[in-house]
Amino acid sequence: MKLVVLGLSLGSSWGNGHATTFRALLAAFAARGHDVLFLEREVPWYAGAHRDLVNPDFCRLAYYQDLADLERWRGEIAQADAVIVGSYVPEGVAVARFVQDAAQGATAFYDIDTPVTLAKLARGDFEYLSPEVIPGFDLYLSFTGGPTLARIERDYGSPAARALYCSVDPQAYRPLDLPKRWDLTYLGTYSPDRQPTLERLLIEPARRRPDLRFAVAGPQYPADIDWPANVERIEHLPPAQHAEFYSTSRMTLNVTRADMIAAGWSPSVRLFEAGACGTPILSDRWDGIDSLFAPDTEIVLADTTEDAIAALSRPAEAIGTAARARVLAAHTAAHRAEELEAYLTKRTAQSAPHERIATMSPQNPPLTLVAGGAGFIGSHLCAELLARGEHVVCLDNLQTARPSNLRVLEAHPNFTFVEGDIVNPLPDAIVALTDRFTRIYNLACAASPPQYQADPEHTMLTCVTGTSHLLRLAESSGARFLLTSTSEVYGDPEVHPQREGYRGFVNCTGPRACYDEGKRAAEAMTFDFARMGRAAVRVARIFNTYGPHMHPDDGRVVSNLICQALSGRKVTIYGDGSQTRSFCYVSDMVEGLIRLMESDADGLEPTNLGNPEERTLTELLDEILAVTGGPVAIDYLPLPVDDPRRRRPDISRAQALLGWQPRVSLAEGLARTCAWFAEEIGSADVERKLTVAAE
């Protein structure tokens, strides 16, 4: 791929975090075999002594003087496969219009300060972005995830808003064996809205603890700040010295801007850099931070001066070690480059997917649609259907899916990906193929509590509005429709095991209701379509499923325990570990879904799919440690609200109707899953642990 990036700065890291972000991301992107050109506006404050990268070895770096001078790069932009415009680019609105006029490939806006940008737009400040240019970008890539992405699509007309968090280069940011120089440090440019938090969590603790040593590195701090004598000021710290700074800090502080706290899901690059260096992090609190680092295990959260002083009094080395393991598993520049490649590739390929489908075969074969096909179970389902000779169209909004799940499928001649959200009207590429669909699987919904609670409105709409859109497509095409419902419709069950006739014990107003009640409503709608003769339907109630392609950060018990055990950090058990679940390996689940779709079910009764072998969470952990090699320290935390105490399916209907029951034992499934996660985490220590355990 040929990529052109127009960003604030690559050559100078003075007073901005954009340079370090682009350096790590683009170096990793180039390492994947792509050609990169970075165009930077020549400005005096990033020139001269402030320019600390002159000839990058991972891309071409060129400067332009003004908009008129940018014209000489029109040909490069037109020939590129993708063009990205970054936030804070001087005269950014005019640059955006120029790029949208010149580019022939995919275009994207990369917002490194999304909440700040949206606040500026709301007050009519169009310094570098304006509402009218947002719909002209194929992608809106955002440092902020969570509900903000839906807002960008809904309020500003972005075709696709996707999270592309900041990241870290683990080669540049790693632990250094150096003596500790400071007890608490902070690295960041002065910002008025961050200063009160810095005052509360560092400056005031320094006043109260004159026996400790502190440091604040970064430019633009006003001269009238009353720094305590034990706070060392460093005006500028070039990126080459960041790892040393963190490694000589016993603990470092993360402070978030007010707009980003309000939006949530807005990690700063300093968070990942410090974590990669194995430095314990003390942070302010905001929604979504627990999806990145586990509080008290991988990060320390503080609200008050007293919290900060208490944190400085506790041993924290294990927290730094755990934070580093988490960063290496999910937040390196290589992870972000893979995500960026997938986003850009899919936007480029999406222009006319129905034309690609038409070339699959001169006989125009029937098609199977898998909504949510890039997700954990969905990607395995797509692969199995392709292996059985079917022609598969995968529809996914990539909100919670990992694009890498589809990597091995994208080259298959009978596979096509269409990016879209079933909450919205179905994409034209799907509608154009209505007469070709004979099977429609609906797996499109976030399925883990942290994911579906992050945007409960979208979760509910996915279940209800999205299912309505797909049912209407099934009605129009005459396709058979399968809804993947969930064991969550049984709530915290009073009947055990759970049979399909049990009506459940669900808290309809609790934090999980968006998913539990959403799926119940989706079932009701699906059965109404069957009763009215509008579609032939099937409903599967899926119980806990695990296997490769699970997201390391999805918050599910299997992925949590495996990743924690492999990394050697403290494992988290919610409750006392006596609550039970039944764990079905993903290949067995996919087999059950396909059998149900092809069965002669009457369409008016759901079917449980899951493994009836019930295990406590303590027993599950023991099984995992038998693979990874224990023991580990365990952190027992309170049960989440409405977390079910027991969960086991009665699968007698599936056995009688489908001749189906799970075949993969828990020990075998966990061995496969641990091996996959070990490869994902990519740690030599992890590989050694698995080898020793196997021996």
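Reader: Which residues of α10 are buried?

Author: The buried residues of α10 are Val269, Leu271, Phe272, Glu273, Ala274, Gly275 and Ala276. Buried means under 20% relative accessible area, exposed means over 50%, and partly exposed lies in between (1.4 Å probe, protein chains only). Helix α10 covers residues 269-276, and seven of its eight residues are buried, so that the helix is mostly covered. Helices (H or I, at least four residues) and strands (E, at least two) are DSSP runs, numbered from the N terminus. Just after α10, Gly278 has a positive phi of about 75°.

Author: Two remarks on the source apply throughout. The model is predicted, so local features need pLDDT of at least 70 and side-chain atom pairs count only at pLDDT 80 or more, while totals for chains, interfaces and linings use all residues. Residues are numbered from 1 along each chain as its sequence is written, and side-chain values use heavy atoms, with hydrogens and water left out.

Reader: How many cavities of 30 Å³ or more does a search of the whole structure find?

Author: The general idea is that rolling a probe the size of a water molecule over the atoms shows where empty space is left. On a 1 Å grid over the protein atoms alone, a cavity is a set of points where a 1.4 Å probe fits but cannot get out, and lining residues have an atom within 4 Å of a point. Grid points are joined across faces, edges and corners, and a volume is the space filled by probe spheres set on the points. Here the search finds five cavities of 30 Å³ or more.

Reader: How many salt bridges does a search of the whole structure find?

Author: Side chains of opposite charge can pair when their charged atoms come close. A salt bridge is a side-chain nitrogen of Lys or Arg within 4 Å of a carboxyl oxygen of Asp or Glu. The whole structure holds 47 salt bridges. One of them joins the side chains of Glu306 and Arg208 (2.9 Å, N to O). This pair links distant parts of the chain, 98 residues apart: Glu306 lies in helix α11 (residues 305-312) and Arg208 in helix α7 (residues 195-208). Glu306 is partly exposed at 46% relative accessibility, and Arg208 is partly exposed at 42%. Both residues belong to a network of salt bridges that links Glu199, Glu204, Arg207, Arg208 and Glu306.

Reader: Are Arg647 and Glu488, which form a salt bridge, buried or exposed?

Author: Arg647 is buried, with a relative accessible area of 1%, and Glu488 is buried at 13%. Their closest N and O atoms are 3.5 Å apart. Another salt bridge joins Glu591 and Arg388 (2.6 Å, N to O). Glu591 is in helix α21 (residues 586-597), whereas Arg388 is in the loop between α15 (376-387) and β15 (391-396), 203 residues apart. Glu591 is buried, with a relative accessible area of 17%, but Arg388 is partly exposed at 41%.

Reader: What is the order of the strands in the open sheet of six strands?

Author: Two strands pair if DSSP finds at least two bridges between them. The order is β10-β9-β8-β11-β12-β13, with parallel pairing. Strands β10 (231-234) and β13 (300-301) stand at the edges with a single partner strand each, so one side of each is left without a neighbour in the sheet. Two bridges join β12 (residues 281-283) to β13, and Leu282 has Val300 in β13 as its bridge partner. Elsewhere, strand β2 (residues 35-41) pairs with β3 in the parallel sense over five bridges. Leu37 has Arg60 in β3 as its bridge partner. Four of the five residues of β3 (residues 60-64) are buried, so this strand is largely enclosed by the rest of the structure.

Reader: How many disulfides does a search of the whole structure find?

Author: A disulfide is a pair of cysteine sulfur atoms within 2.5 Å. The search finds zero disulfides. The sulfur of Cys463 is 3.8 Å from the closest cysteine sulfur, in Cys445, which is too far for a bond. For Cys166 the closest cysteine sulfur, in Cys277, is 14 Å away, also too far for a bond. Cys463 is buried, with a relative accessible area of 3%, and Cys166 is buried at 0%.

Conventions
On a 1 Å grid over the protein atoms alone, a cavity is a set of points where a 1.4 Å probe fits but cannot get out, and a pocket is an open set with protein on both sides within 12 Å along at least five of seven lines; lining residues have an atom within 4 Å of a point.
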